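Subject: Structure handover

Hello,

The structure is placed below for you to open alongside this message. My notes on what was found in it follow.

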Amino acid sequence: MSPAGSQTTEHAPPTEPELVVERRPDGVALVRMNRPQVRNALSLSLQTALSQALRELADDADVRCIVLTGGDTVFAAGADIRSLDACGPIEILQRHTERLWAPIERCPKPLIAAVCGLALGGGAELAMHCDIIIAGRGARFAQPEVRIGIMPGIGGTQRLVRAVGKFQAMRILLTGQPVTADEACAMGLVSLVCDDGQVLAEALQMAALIARMPPLAVAQIKEVVIAGMDAPLETALMLERKANQLLFATQDQKEGMNAFLDKRTPRFEGR
């Protein structure tokens, strides 16, 4: 007879990781949330895994662009409500989720969200942390926190109003009602809408195109756009000029211009 507990240990089903990271040979990393049984609800453990993955990919010189997805039927359906129901304000404060989201917010590499299905609450906020959002026609975006007596807490009120303006943001935030992918695209929240079955392929194709660009120029563009969004125009223009001047010190600038003049494909090495 087997020792007590041995049968359970030997035959227990393998635990699926909550986050799957694939480094592709074209310089693209695919990050996939993997909690389908709870519609990719953003538990603390999943947030921690996302934070760690983005930190590692930011430091990986072979990765030039990152695609974030939740799968074919859902992106992420918000916070894990069961883990929040009994929480008090001090416990919420001490979670310091802003520290978990910092590597996503500050990732120096382009982030593309490939959104199929629902992007609700924290899922919509996660998509808004990205630089480009590609959505399937069946995607739905919402900030439904008001319907359970709270409000967005990881940038939903601030990033949304910057993306779509006060009046559309207020409609979304105060009603909790979802908007379609086409509506989201029309108001400036989504970059591109395509058929649901083509979302990931479209995102990977765009990421591969970006990955072929000179990585120092890509990084400077992202940094200047984000830094300049909330700066006075004159300050933002100064940041742009300085970043452009800096790129003339790179080998990639010489390679890009020489390749253009020689009518050949450039080879950018990030130097």
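A residue is called buried when its relative accessible area is under 20%, exposed when it is over 50%, and partly exposed in between, using a 1.4 Å probe and protein chains only. By that rule, 42% of the 271 residues in the protein are buried.

This is a predicted model, in which local features need pLDDT of at least 70 and side-chain atom pairs count only at pLDDT 80 or more, while totals for chains, interfaces and linings use all residues. Residues are numbered from 1 along each chain as its sequence is written, and side-chain values use heavy atoms, with hydrogens and water left out.

Overall

Of the contacts (heavy atoms within 4.5 Å) with a separation of 6 or more, 66% are between residues 24 or more positions apart.

Cores

A nonpolar core here is a set of buried Ala, Val, Leu, Ile, Met, Phe, Trp, Tyr and Cys residues joined through side-chain atoms within 4.5 Å. The largest one has 44 residues, and Met33, Leu50, Ile66, Phe75, Val115, Leu126 and Phe141 touch the most other members. Helix H2 (residues 44-58) gives this core its largest share, five residues. A second, separate core has 18 residues, including Leu30, Ala114, Cys116 and Val199.

Val115 lies in strand E5 (residues 111-115) and is buried, with a relative accessible area of 0%. Beyond four places in sequence, the contacts of Val115 include Phe75, Ile133, Phe141 and Val199. The C-alpha atoms of Val115 and Arg140 are 8.8 Å apart, although 25 residues separate the two along the chain.

Helices

Helix H6 (residues 156-164) packs against helix H7 (residues 166-175) at an angle of about 140°, and their axes are 7 Å apart. Axes are lines fitted to C-alpha atoms over the stretch in contact, and angles run from 0 to 180 degrees between N-to-C directions. H6 is therefore oblique to H7, since angles under 35 degrees count as roughly parallel, over 145 as roughly antiparallel, 65 to 115 as roughly perpendicular and the rest as oblique. Among the residues that meet are Leu160 and Val164 in H6 and Ala169 and Ile172 in H7.

Gln220, in helix H10 (residues 215-229), is buried at 17% relative accessible area. Outside four places in sequence, Gln220 contacts Ala243, Leu246 and Leu247.

Regards

Notes: Helix = DSSP H or I, 4+ residues; strand = E, 2+ residues; numbered from the N terminus.
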